[in-house]
Amino acid sequence: MSIVVRDPLELLPYLTGVITTPKEELAARGTQQLDVRQRSIAIGEPIPIVFCRRTNDNGGVWVSPGASEGRFENDNNNDLTAYYQLVLSEGDLPQLPLNDLYQGPCKVGNYVQTYNRRAGAWLPGAFIDPLDSLVDTVQFSFDAPGTANPTWYNATPVTYGFGFTRWEFNYNGNKHYYPGSLSPGPGGPVLQTRKVTAETFQLAEVPVHCGTSGTYANLTTLSFDWIYGNGDQRWDRQIHAFVREGMQVTRILDSALGSSNNVVDLALYLIRQSSRLPENMLDIAAFTTAANFTNTNSFFYNGEFKESTNLEDWLQDISTKFLLRVSDNLGKKAFRPLLPINNDYTIKTTAISAVFTFTENHILPNGFQISYIPLSERKPICALMLWRQQPDSDVGIVRSSEIRFTGEAATGPYEQYDLSQFCTTENHAIKVGAYYVARRKYITHTLRIRVRPDVFNSTLILGDIVRVRLQRETDVDIIDYHDYYYQVERINKSITGVIELDLMHFPVDDQNRSLLALAVVEATGTGYSLPTGRNDFSCNVNNDADAIGDVGGNLDLPASGNFQTNLTAGSEGNPNQAINNPGYIPNYGQITGGTGPEDEPVDGDTLTAGGVCPGGYIEWYRCPKDAGVFSAGAIPPTCEKVLEGSEEFDYTVTTADIDYEIVGIGRCPDPSTPSGYGDAFVIDTSKPVEPDILSYEYVRWTGDLIYEGVATNYTSSWTNLSGFNSSDYLTIGALSNCSFISNVGFIAPNTDSRFSSVPAIGPVAWRAEVSVTTSGNGPLVGEVALGGLGSNGNALNTCAVIGPSVKFVIFSSSPKTYSVSGVWEFSNDASTVLVDWEGRTA
Amino acid sequence: MTSRAQSQYLRIFDNSGTYTRWQSYYINQTVSWDSGSWEYHPFTANGVVGGAGSGNDITIEIPATNEAVTAFTAALNNNRLCEIRMYEFDSLIGQSAPPAGQTLIGSFTGEVIRISGSFVSWTITIGSSLAPVGAQVPPRKFTNLLIGSPIKL
């Protein structure tokens, strides 16, 4: 076996996440807008996953859910009530507190939240009354002029006898008048009135398509409603929620169902939901170590995952932002820390020891390949880290932090790394930035070595630190060493025993401490909190921290069948066409289509040959009844081919076929033969063809009466078939004992020693021929008669020699033969014979 | 170890948990190992055990026998897992049967993700079906069944 070089060594830093230079730098993805129009959900957009858990006053995520349904209605004061059905997240979120919910920048609105169903109980729709009936009327209010959204009450015009008209309104049983006294009154002071005009009501331009309902399966939904006064245009502002506890998953670290801020939990959820990897291909032990690493070092994920992306790309991208890397260990997917760790999962900043040291004794010829990381990836940079300062119950503030080594890249170049979608911890961003600038500074090269097997063969695993110390002798007096620590990134064990190792430079200081780990641990944030810049909270209405209610139900659930098309999987097989290969067994079929009493073909029937491959070649033969059984390669010369052709599966029986058997010969396509068809095979042989008796008017028997070799021709009179049905028949009778001219009983075969051959008593329908042979051995006595023309039974007047019969006395000691042998003739005019038929024999 | 030898074992897991067991070292023998019987079937696997990054697939070269064709096409069609194990042992004591003390020096578990080759020889790729292209996450999308026809604001 040869060693398979899978990837150029130069790609190793990119594959392992050591080089992660961003391809584009954009505005922080964690930036959020507050006072914007409510967003509608579009069919096909990804369902967001709100994944967060606020711990130690850090974390949580500000989300702006899209709306799927709405309802808008106004009252007589043109106060508008707006309802929105919002989808917060996939999965089940714990109930939100009321004071974490906003419209625009203000804590207003009534809310209910539920899971796996629609929140609230309102029906979507727009119900805006133009309020035309109120124009040119007078309204009054108990609210002082200048009050926002005053409540108006309608007044009634009253005309007095002397022609004076004024407006009257009644409140709590007390009348008030306009013009007239506004106050005081027992119902309270009426503070203002107004004359309603067409311009009084500013009707909201609400949507006309308000949505229909759905199942909301496995979604967390939120219902919002609020009343807006006449002319208030804030009804369409975006609803926001500050989510402290995101989607509930089974956390890998404590196996509990609940919200999580561990990126490993999110990765496992996405891998499992995508159904791309079976459970057996997940290295849960390594994932657990990675989860402990991020948890111990406070690298938390608090974000809304909603941008459609490739899972593998996302795993690669997100892992380095948590100082992890994607690893395939023994075929199993996992995360592994980028840095050495202690047993308590903290970053190890003490001395590193190598698990094995490779020397020139191990390296095979041509087994050393080194590749230095290019200068473009080594130049000092300032890492511009974007993260999100997440205040308690407020929109997040995107923060930028610059990380550089002292004295380097003071004015750039800058590389921007955007962690603002999920990182709410300054130290997290700072340490990731420190890793980015440190690995540029310290990691200089990669190495690929081919070594002979040794004790490490069964012990060395991915991530182990090894030492490579090779003596370089290029001068008589100077001996130099290639002596570095490396981290094992890939192991290739071939069947020949050669081990190929891909190694990443693992820089250490003179105390064998990891320089990268030291840089990361040393890097800490300033702890400075940027002010939000907000000083007016007067618009807040909801300050109650109690959880909102869980109210919901399903309305007009759509039928799944309207949106789903299920295909029935077929069962694949090999082509159902024979080819000339050894061992092919034709799928023998049958000839069907006979309509006689026992499926005998009759003239006019269409016979069908079954079991022939599609595209097969069929030959139809007409064979005598005595042709016997034959193979396709030995067709008797007495058989006549009557039809042939490709896919000639049907044959129509004619009167010429009567008394013959129809034989089908099939051949399947075979492109390897000159004819294009393979070996012939007999499909089936039909029963002898009979006439369609009831399609004729008359029938008679004609033939010979043979007495010891002397034949006498006899033809019966015509029998009218008009009264016949399918069970009626004529027949030539059996052998009878005679007493003078009377039949005294039929003689069955093998019951009388005087005869060696006797026809069956039957009666055999449409039998046209009988024969008897004496044995010469029995008693030479008795008088018998053979034949006779019977109808629906054997003739009983044979001994009187009526009809086609032969009567004889047994007296000779030598065998004698007597026969009644003929055919049935059919006619439609009792004159012209249309068809001859030899009849049945049994 | 005075004389080193390495053997490879291959298992294909089907839906019911039973599996095909092949080994390629003991020619024309069925050997017992790890509580199972391993039939001889010639194959060679490259020895990638694992590594950082993704796409660490291994390949198996195998004659395209009826048995191999049936087993691997079924594995590819049904997302079955395949496991390759590589053992190291002393060839002086392990030529007739797997020695009790042989050392597992590598194993790889993956799905049969690709089959190619000639009429007589196949190359089987074992790896993960995590597609490097195409959008896969978030896994769910809004549909009419979930939310009906959404509001148009």
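# Briefing on a predicted two-chain model

Of the 842 residues in chain A, 40% are buried. The model is a predicted one. Chain A contains six helices and 51 strands, while chain B contains two helices and ten strands. The two chains touch through 76 residues of chain A and 49 residues of chain B.

**Overall form of chain A**

- The radius of gyration of chain A is 52 Å, whereas a compact globule of 842 residues would have one near 28 Å.
- Along the principal axes, the C-alpha atoms of chain A occupy a box of roughly 140 × 135 × 45 Å.
- The domain assignment divides chain A into domain 1 (31–131 + 201–321), domain 2 (140–195), domain 3 (356–522), domain 4 (591–685) and domain 5 (696–837).
- Domain 1 of chain A and domain 5 of chain A have centres 100 Å apart, taken over C-alpha atoms.
- When contacts in chain A between residues at least 6 apart in sequence are considered, 71% of them join residues at least 24 apart.

**Contact between the chains**

- The contact draws on 76 residues from chain A and 49 residues from chain B.
- On the side of chain A that touches chain B, at least two residues each come from β3 (66–74), β4 (80–90), α2 (263–274), α4 (311–320), β20 (324–329), β21 (332–337) and β29 (479–493) of chain A.
- The residues on this side of chain A comprise 32 nonpolar, 27 polar and 17 charged.

**Nonpolar cores**

- The largest nonpolar core holds 102 residues, and Val50(A) and Met385(A) have the most contacts inside it.
- This core lies between domain 1 (31–131 + 201–321) and domain 3 (356–522) of chain A, because both domains give residues to it.
- Not counting residues up to four places away in sequence, Val50(A) touches Val61(A), Val63(A), Leu88(A), Ser89(A), Leu93(A), Val243(A), Gly246(A), Met247(A) and Glu304(A).
- Another core, of 55 residues, lies apart from the largest one; among its members are Trp620(A), Trp766(A), Val770(A) and Val784(A).

**Strand β15 of chain A and its partners**

- Strand β15 (residues 219–228) of chain A is largely enclosed by the rest of the structure, because eight of its ten residues are buried.
- β4(A) and β15(A) run antiparallel and are joined by ten bridges. In this pairing, Tyr83(A) stands opposite Asp225(A) of β15(A).
- Strand β6 (residues 110–115) of chain A also runs antiparallel to β15(A), with six bridges between them. Here Asn110(A) stands opposite Asp225(A) of β15(A).

- Ala121(A) belongs to the loop between β7 (118–119) and β8 (125–127) of chain A.
- Ala121(A) has 11 other C-beta atoms within 10 Å and is therefore exposed, the limit for an exposed residue being 12 or fewer.
- In sequence, Ala121(A) and Ser223(A) are 102 residues apart, yet their C-alpha atoms are 8.9 Å apart in space.
- With neighbours within four places in sequence left aside, Ala121(A) is in contact with Val551(A) and Gly553(A).

**A three-stranded sheet in chain A**

- An open sheet of three strands has the order β32-β33-β36 (chain A), with antiparallel pairing.
- β32 (591–592) and β36 (650–652) of chain A are the edge strands, each pairing on one side only.
- Two bridges link β32(A) to strand β33 (residues 606–609) of chain A in the antiparallel sense, and Ile591(A) stands opposite Ala609(A) in β33(A).

**Surroundings of Phe826(A)**

- Phe826(A) is part of strand β50 (residues 817–827) of chain A.
- Phe826(A) counts as buried because it has 23 C-beta neighbours inside 10 Å, where 20 or more are required.
- Although 108 residues separate Phe826(A) and Trp718(A) in sequence, the two are 8.8 Å apart in space, C-alpha to C-alpha.
- Beyond its neighbours within four places in sequence, Phe826(A) is in contact with Pro691(A), Tyr696(A), Tyr698(A), Val699(A), Leu834(A) and Val835(A).

**Chain B**

- Along its sequence, chain B shows the pattern β-β-β-β-β-β-β-α-β-β-β-α.
- Buried residues account for 37% of the 153 residues of chain B.
- Of the contacts in chain B with a separation of 6 or more, 49% are between residues 24 or more positions apart.

Conventions. Residues are numbered from 1 along each chain as its sequence is written. Chains are lettered from A and ligands numbered from 1 in the order in which they are written. This is a predicted model: local features need pLDDT of at least 70, side-chain atom pairs count only at pLDDT 80 or more; totals for chains, interfaces and linings use all residues. Domain bounds come from an automatic or database domain assignment. Two residues are in contact if their C-beta atoms, placed from the backbone, lie within 7 Å. Helices (H or I, at least four residues) and strands (E, at least two) are DSSP runs, numbered from the N terminus. Ala, Val, Leu, Ile, Met, Phe, Trp, Tyr, Cys and Pro count as nonpolar, Asp, Glu, Lys and Arg as charged, and the others, Gly among them, as polar. A nonpolar core is a set of buried Ala, Val, Leu, Ile, Met, Phe, Trp, Tyr and Cys residues joined through C-beta atoms within 7 Å. The radius of gyration is taken over C-alpha atoms; the globule rule is 2.2 Å times the number of residues to the power 0.38. Two strands pair if DSSP finds at least two bridges between them.
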